[in-house]
Amino acid sequence: MIRGSDRALIVRVDTGTAELIPDPDLPDAWLLKLNGTAQSHVDLNDPTLIAFDYIRRFADVIDAVAPPGALDVLHLGGGALTLPRCLSAMRPGSGQRVVELDRALADLITTRLPLDDPDIELVIADARAALEQADPASADVIVADIFTGNKVPPHVSTVEFAQAARRVLRPGGWYLANIMDVAPLTTARRQAATLREVFTQVAVVADAALLRGRGTGNLLMVAGEDPDGIRKLTRRIAADPTRARVEHGPRLADFIRTAQPRRDG
């Protein structure tokens with residue numbers, strides 16, 4: 001069912017209720033809410049104009065650590081396709097595969113907020129199943145933005161899931177994941193410990209206040225094998241006007257503390 005009010009849409013999707021709300025300040029810009037939670041924002045006139053800090057950080061991290069030019073990117077979690085649209089503009093010619101579990105949501109987004117890049121492929125599947133079926137060494141970047149409510153499902157946050165991601169990445173590739181947490185950041189510490197079991201280079205990017213245990217917010221997990229990429233990332237985030245910080249090396253070990261990796265089962 002679709003109800004319209006001042007061009008806003010309320011739609012029943014497979015995982016609950018989606019709302020597409022027009023931005024009052026920008027023509028052809030929309031906010032997507034899922035089950036009452038703001039999920040993403042899209043400006044169809046300028047896909048590089050990103051309203052959510054964590055998605056902007058995704059784009060900044062990719063721009064910092066990935067080599068110049070077009071990329072092959074696997075997105076696990078679709079939403080309103082904000083990041084694929086942005087990367088299409090930032091890195092023309094990039095091949096992007098987006099895996100979304102909710103078919104009704106995907107239909108809503110592609111119908112109401114259509115894509116204009118034939119190199120973006122949208123696939124309806126479970127994220128872990130799609131990752132495990134992907135060809136080895138087929139992606140330069142994997143982006144995981146997978147939530148049930150405000151939590152990351154357990155089956156996409158384990159050592160075995162990270163091992164599957166590493167298999168799909170090319171040499172020099174990067175795995176990025178978004179999580180939400182609140183002090184004392186138990187989930188984030190455990191996810192960092194999990195990634196450190198699989199990758200030699202792991203960093204956490206988040207607001208400095210959140211890393212000090214204040215408030216609730218998004219943390220980006222960054223994992224790969226190239227130490228130079230982490231150095232580039234640190235320089236890039238140092239210029240972030242939102243006062244983000246990168247935890248890596250000895251500071252990451254202090255962040256993880258005694259947290260143990262999550263494993264299947």
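## Salt bridges, stop by stop

The count comes to 16 salt bridges, each a side-chain nitrogen of Lys or Arg within 4 Å of a carboxyl oxygen of Asp or Glu. The model is predicted: local features need pLDDT of at least 70, side-chain atom pairs count only at pLDDT 80 or more, and totals for chains, interfaces and linings use all residues. Residues are numbered from 1 along each chain as its sequence is written, and side-chain values use heavy atoms, with hydrogens and water left out.

**Stop 1: aspartate 63 and arginine 91**

Select both side chains. They form a salt bridge, 3.2 Å from N to O. Aspartate 63 sits in helix α1 (residues 53-65) and arginine 91 in the loop between α2 (82-90) and β7 (95-100), so the pair ties together parts 28 residues apart in sequence. Helices (H or I, at least four residues) and strands (E, at least two) are DSSP runs, numbered from the N terminus.

Now check exposure. Buried means under 20% relative accessible area, exposed over 50%, and partly exposed in between (1.4 Å probe, protein chains only). Aspartate 63 is partly exposed at 31%. Arginine 91 is buried at 7%.

Together with Asp63 and Arg91, they are linked in a network of salt bridges.

**Stop 2: arginine 97 and glutamate 121**

Here the closest N and O atoms of the salt bridge are 3.5 Å apart. Arginine 97 is in strand β7 and glutamate 121 in strand β8 (residues 120-124), so this pair ties together parts 24 residues apart in sequence. Arginine 97 is partly exposed, with a relative accessible area of 31%. Glutamate 121 is also partly exposed, at 42%.

**Stop 3: glutamate 197 and arginine 263**

Select this pair next. Their side chains meet in a salt bridge at 2.8 Å, N to O. Glutamate 197 lies in the loop between α6 (186-196) and β11 (201-207), and arginine 263 in the segment after α9 (250-256); the two are 66 residues apart. Glutamate 197 is partly exposed at 46% relative accessibility. Arginine 263 is partly exposed at 44%.

**Stop 4: aspartate 43**

Move to strand β5 (residues 37-43), where aspartate 43 lies. At 5% relative accessibility, aspartate 43 is buried. Show its contacts (heavy atoms within 4.5 Å). Leaving out residues up to four places away in sequence, aspartate 43 touches Leu26, Pro27, Asp28, Ala29 and Leu49. Its side chain also reaches the backbone nitrogen of asparagine 45 at 2.9 Å.

Key:
Polar contact = N/O pair within 3.5 Å; in protein donor to acceptor, adjacent residues only side chain to side chain.
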